[in-house]
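Hi everyone, and thanks for coming. I'd like to walk you through one structure today, piece by piece. Here it is on the screen.

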Amino acid sequence: MSDTPPIRPYWTGPRLRLRAMRVDDVDLWLAEEHDDHEAVHFLHYGTPLPTTRRDADAFAERYVDFANRRESIMWSIETHDGELVGGINLRSMDLKNGTFQTGTRIYRRHRGRGYGLEAKVLVLRYAFFELRYQKYEVRCLATNDPMVRHMARLGATLEGRIRRHVYTQGDYVDELAYGLTREEFEARLPDLEGASD
Ligand SMILES: CC(C)(COP(=O)(O)OP(=O)(O)OC[C@H]1O[C@@H](n2cnc3c(N)ncnc32)[C@H](O)[C@@H]1OP(=O)(O)O)[C@@H](O)C(=O)NCCC(=O)NCCS
């Protein structure tokens with residue numbers, strides 16, 4: 001008997017699959033940009049001008065089929081039935097220091113089911129175990145309660161609070177900095193993969 005671990009299906013979790021972003025995914029993205037005020041606020045750190053069709057087309061052109069993958073690797077997240085539920089990317093990939101960040105967005109009607117965490121575990125597996133990065137770093141607004149809960153569930157450490165860092169809605173908001181090392185991720189994996197079953 002060999003001790004070689006079995007080769008697992010890499011881009012598939014218990015309920016979700018990650019695949020390259022396609023041009024037709026951008027229509028739902030644009031609709032959410034127009035109507036999901038909370039996500040826009042948390043992702044843009046404030047109130048941007050309304051997203052235009054041209055912005056959406058430029059976004060598609062830049063990232064479909066893993067174009068510009070050195071800048072950002074963009075996946076669409078879908079259920080096993082092929083329903084598009086959101087997107088996730090790997091970015092700020094720093095080869096010298098081995099650090100990286102992600103951006104995650106689950107569309108409104110699919111939140112609160114653990115989809116964000118399931119997709120993130122697939123991306124972190126890839127970043128840590130294939131690309132050999134050593135530390136995951138994330139920043140978010142301190143007012144982003146779903147993200148704060150998401151990072152706690154992941155097992156990330158709150159490493160800092162940058163006070164009064166962002167000005168929006170007439171006030172200053174703190175930014176939170178989280179980190180998770182490869183070793184910490186490995187230790188959390190059995191629980192994380194059990195939780196998203
Ligand atoms: C942050 C975000 C990605 C989290 O996505 P999500 O899929 O809702 O969150 P998680 O995967 O962490 O899911 C956990 C939630 O699902 C619930 N859940 C239900 N079934 C579950 C299951 N089978 N497994 C795990 N969690 C489950 C959990 O109880 C938890 O609920 P809670 O948040 O009310 O405590 C999402 O809120 C989002 O897209 N926000 C807008 C964009 C944004 O802010 N991005 C981050 C910018 S820094």
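Let's begin at a turn: β3 and β4 form a hairpin with four residues between them, and Gly-98 in that turn has a positive phi of about 75°. A word on names: helices (H or I, at least four residues) and strands (E, at least two) are DSSP runs, numbered from the N terminus. Two strands pair if DSSP finds at least two bridges between them.

Before going further, some ground rules. This is a predicted model, where local features need pLDDT of at least 70 and side-chain atom pairs count only at pLDDT 80 or more, while totals for chains, interfaces and linings use all residues. Residues are numbered from 1 along each chain as its sequence is written.

β3 and β4 pair in the antiparallel sense over seven bridges, and Ile-88 stands opposite Thr-104 in β4. β2 and β3 run antiparallel and are joined by seven bridges; here Met-74 stands opposite Asn-89 in β3.

Now zoom out. In what order do the seven strands of the open sheet come? The order is β1-β2-β3-β4-β5-β7-β6, with mixed pairing. β1 (16-20) and β6 (157-168) are at the edges with a single partner strand each, so one side of each has no neighbour in the sheet. From one strand to the next, the twist averages 30°. For angles like this, axes are lines fitted to C-alpha atoms, for helices over the stretch in contact, and angles run from 0 to 180 degrees between N-to-C directions.

The bridge partner of Tyr-167 is Tyr-172 in β7.

What packs on the sheet? That is α4, which touches β1, β2 (72-79), β3 (84-94), β4 and β5 (135-141), and its direction makes about 155° with that of β4. Two residues are in contact if their C-beta atoms, placed from the backbone, lie within 7 Å.

On to helix pairs. α4 and α5 pack at an angle of about 50°, with axes 11 Å apart. That makes α4 oblique to α5, because angles under 35 degrees count as roughly parallel, over 145 as roughly antiparallel, 65 to 115 as roughly perpendicular and the rest as oblique. Gly-116, Leu-117 and Lys-120 of α4 meet His-150, Arg-153 and Leu-154 of α5 in this contact. By class, the residues of the contact divide into two nonpolar, two polar and two charged. In this scheme, Ala, Val, Leu, Ile, Met, Phe, Trp, Tyr, Cys and Pro count as nonpolar, Asp, Glu, Lys and Arg as charged, and the others, Gly among them, as polar.

The axes of α1 (residues 26-35) and α3 (residues 53-63) come within 10 Å and cross at roughly 135°, which makes α1 oblique to α3. Val-26, Trp-29 and Leu-30 of α1 make the contact with Arg-53, Ala-56, Phe-59 and Ala-60 of α3. This contact has six nonpolar, no polar and one charged residues.

Finally, the ligand. How many residues surround the ligand? There are 22, and the closest are Phe-42, Arg-111, Gly-114, Gly-116 and Leu-117; a residue is near a molecule or strand if its C-beta atom, placed from the backbone, lies within 6 Å of it. Elements giving two or more residues to this shell are α2 (37-44), β4 (99-106), α4 (115-129) and α5 (145-154). α5 provides the largest share, five residues. By class, the shell has ten nonpolar, seven polar and five charged residues.
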